[in-house]
Amino acid sequence: MPGTYRWIVDSERVLGGIALRHELNDFLLRVGGHVGYGIRPSARRRGLATWAPGRMLGDARALGLDRVLITCEVDNIGSAKTIEHHGGVLEDVRDTEPGTARRYWIKL
């Protein structure tokens with residue numbers, strides 16, 4: 001599946017990573033979405049989790065996507081707030097293979 005993958009690095013230390021999946025298969029539509037990211041626990045609370053999805057939204061626009069799906073675990077309030085900060089509109093909360101997930105769409 002085509003995608004854009006970036007590491008978030010400070011000097012030579014990896015602080016996190018982010019992925020933009022260019023298209024969605026059935027699994028990604030249910031569970032994973034277009035954008036996925038993770039920040040090392042020791043690097044959290046620096047704004048990286050807010051910056052990272054925003055960085056990939058520009059790439060998604062450049063690819064011609066008109067909206068992207070981003071999901072998070074239902075109890076991950078920090079991720080939900082980050083997604084909403086970028087304009088995410090909650091579509092639903094559903095049970096998925098890895099657990100209950102919030103599913104948000106962001107119009108580009």
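This is a predicted model: local features need pLDDT of at least 70, side-chain atom pairs count only at pLDDT 80 or more; totals for chains, interfaces and linings use all residues.
Biologist: Where do strand 5 and strand 6 lie, and in which sense do they pair?

Modeller: Strand 5 covers residues 89-95 and strand 6 covers residues 100-107. Their pairing is antiparallel and runs over six bridges.

Biologist: What do strand 5 and strand 6 form, and how many residues are between them?

Modeller: They form a hairpin, with four residues between the strands. In the turn, G99 has a positive phi of about 150°.

Biologist: Which residue forms a salt bridge with E91?

Modeller: The partner is R103, with the closest N and O atoms 2.2 Å apart. This pair joins strand 5, which holds E91, to strand 6, which holds R103, across 12 residues of the chain. D92 also forms a salt bridge with R103, and there the closest N and O atoms are 3.2 Å apart. D92 is in strand 5 too, 11 residues from R103. Through shared partners, salt bridges connect E91, D92, R94 and R103 in one network.

Biologist: Is R103 buried or exposed?

Modeller: The cut-off for buried is under 20% relative accessible area. R103 has 2%, so R103 is buried. E91 has 44% relative accessibility and therefore counts as partly exposed.

Biologist: How many salt bridges does a search of the whole structure find?

Modeller: It finds six. One of them is between the side chains of D59 and R6, at 2.7 Å from N to O. D59 lies in helix 2 and R6 in strand 1 (residues 3-10), 53 residues apart. D59 counts as buried because its relative accessibility is 17%. R6, at 32%, counts as partly exposed.

Biologist: How is empty space located?

Modeller: A probe the size of a water molecule is rolled over the atoms, and this shows where empty space is left.

Biologist: What volume does the largest pocket have, and which residues lie nearest its centre?

Modeller: The volume is about 780 Å³. The lining has 31 residues, and Y37, A49, N76, G78 and S79 lie nearest the centre.

Biologist: Which element gives the most to the lining of the largest pocket?

Modeller: Strand 3 does, with five residues. Among the other elements supplying at least two lining residues each are helix 1 (26-32), helix 3 (77-85) and strand 6. By class, the lining has 13 nonpolar, 13 polar and five charged residues.

Technical notes
Residues are numbered from 1 along each chain as its sequence is written. Side-chain values use heavy atoms; hydrogens and water are left out. Two strands pair if DSSP finds at least two bridges between them. On a 1 Å grid over the protein atoms alone, a cavity is a set of points where a 1.4 Å probe fits but cannot get out, and a pocket is an open set with protein on both sides within 12 Å along at least five of seven lines; lining residues have an atom within 4 Å of a point. Grid points are joined across faces, edges and corners, and a volume is the space filled by probe spheres set on the points. Ala, Val, Leu, Ile, Met, Phe, Trp, Tyr, Cys and Pro count as nonpolar, Asp, Glu, Lys and Arg as charged, and the others, Gly among them, as polar. A salt bridge is a side-chain nitrogen of Lys or Arg within 4 Å of a carboxyl oxygen of Asp or Glu. Buried means under 20% relative accessible area, exposed over 50%, partly exposed in between (1.4 Å probe, protein chains only).
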